[in-house]
Amino acid sequence: MSMFSNFMFPPPSSIFVTTMSIISFIALANYGISEFRGKHLNYSKFWNANNNSGKQIKFSSKVGMLLLYTPAFLAAAASFWIFPNEGFRSMVLHSALTIHYFKRVFESLFVHKYSASMLLDSAIPITLSYFMSTITLIYTQHLTKELPQPSINLIYPGIMLFLIGIIGNFYHHFLLSKLRGKGEKEYKIPKGGLFGIVICPHYLFEIIDFYGVFFISQTSYSLCFAIGTTFYLLGRSYATRNWYLSKFEDFPKNVMAVIPFVF
């Protein structure tokens, strides 16, 4: 515990934050395990993977993606007004979250090219996860304002990790968007960037992004959320790699799921 206290604020005495830490970690890890087991959240190439889409409410992927990210973006943007003048660390965290979800909304409107639908029963938990995690990250940081700073300050490495993550994620989303010409909807094997060594480099950079947020925040909740997100994206990338292997006979077997040369 003394080691953790060197680079983290002590956990706040808040039932809400403690509960959200447990829920976020368990829920995200469980979704990751479900992806490994072949039970997928129904969006992107897995939108109808569980063979129950005919019984569910569905809408276009573009509408679905906006539903996922807009509430979290609005919550992050509102944090500047709700918790103003709380110091440099809080300002950087609010900025990072706002930039992260603004990028997601921007990509949903102007970058991504869609070929499928999204099911409401998958959109709801994802939207709630992003929205509630954003609120909890901001509120947890607010609770640290009277506490002494951790002896090891990770905010500047966190900013670097966040920038690497968000730029790398955007770049690989842009490469994915260029795979399809106007009117095309079929999937192709991605190329360029890190796609030659992992099939989900955008997930790799998203993981880096959220560890950057943890370094900026240095709270127990941000760590729980980063680890939970890692579990989920490991499972989703594993499922994605298996999908490409099943659809393309020429998919290179040496291309890993998300961690270069490892997994």
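**Questions about helices, buried residues and contacts**

Q: Which are the buried residues of helix 3, and what makes a residue buried?
A: In this predicted model, the buried residues of helix 3 are Ser61, Gly64, Met65, Leu68, Tyr69, Ala72, Ala75, Ala76 and Ser79. They are called buried because each has under 20% relative accessible area; exposed means over 50%, and partly exposed lies in between (1.4 Å probe, protein chains only). As for the ground rules, this is a predicted model in which local features need pLDDT of at least 70, side-chain atom pairs count only at pLDDT 80 or more, and totals for chains, interfaces and linings use all residues. Residues are numbered from 1 along each chain as its sequence is written, and side-chain values use heavy atoms, with hydrogens and water left out.

Q: What covers the buried residues of helix 3?
A: The cover includes strand 1 (58–60), helix 4 (88–110), strand 2 (117–119) and helix 5 (120–143). The names follow from DSSP runs numbered from the N terminus: helices are H or I runs of at least four residues, and strands are E runs of at least two. Covering is a matter of contact, which means heavy atoms within 4.5 Å.

Q: Where in helix 3 does a kink lie, and what is the bend there set against?
A: The kink is at Tyr69, shortly before the proline Pro71, and amounts to about 30 degrees. The bend at a residue is the angle between axes fitted to the seven residues ending there and the seven starting there. Helix 3 (residues 61–82) still reaches 32 Å from first to last C-alpha, close to the 32 Å expected for its 22 residues.

Q: How do you know that the span of helix 6 agrees with what it should be?
A: The expected span is 1.5 Å times one less than the number of residues. For the 23 residues of helix 6 that gives 33 Å, and the end C-alpha atoms are 33 Å apart, so the two agree. Among its buried residues are Phe162, Gly165, Asn169 and His172, and the buried residues of helix 6 pack against helix 4 and helix 7 (201–217).

Q: Why does Asn169 count as buried?
A: Asn169 counts as buried because its relative accessibility is 2%, which is under the buried cut-off. Asn169 sits in helix 6 (residues 155–177). Setting aside residues up to four places away in sequence, it touches Lys103, Arg104, Glu107, His202, Phe205 and Glu206.

Q: What makes the pairing of the Asn169 and Lys103 side chains a polar contact?
A: A polar contact is a pair of N or O atoms within 3.5 Å; within protein, one must be able to donate a hydrogen and the other to accept it, and residues adjacent in sequence count only if both atoms are side-chain atoms. The Asn169 and Lys103 side chains come to 2.5 Å, so the pair falls inside the limit.

Q: How many disulfides does a search of the whole structure find?
A: The search finds zero. A disulfide is a covalent bond between the sulfur atoms of two cysteines. Here the test is a pair of cysteine sulfur atoms within 2.5 Å. As for two individual cysteines, Cys200 counts as buried because its relative accessibility is 1%, whereas Cys224, at 23%, is partly exposed.

Q: Why is Asn85 called exposed?
A: Its relative accessibility is 81%, so Asn85 counts as exposed. Asn85 lies in the loop between helix 3 and helix 4, and it has a positive phi of about 55 degrees although it is not a glycine.

Q: Is Phe261 buried or exposed, and where is its place?
A: Phe261 is exposed, because its relative accessible area is 70%. Its place is in the segment after helix 8, and its phi is positive, at about 65 degrees, although it is not a glycine.

Q: Why is Pro260 called partly exposed?
A: Pro260 has a relative accessible area of 23%, which puts it in the partly exposed class. It lies in the segment after helix 8 (220–247) and touches Ile197, Val198 and Leu204, not counting residues up to four places away in sequence. Pro260 and Leu194 are 66 residues apart in sequence, with their C-alpha atoms 8.6 Å apart in space.
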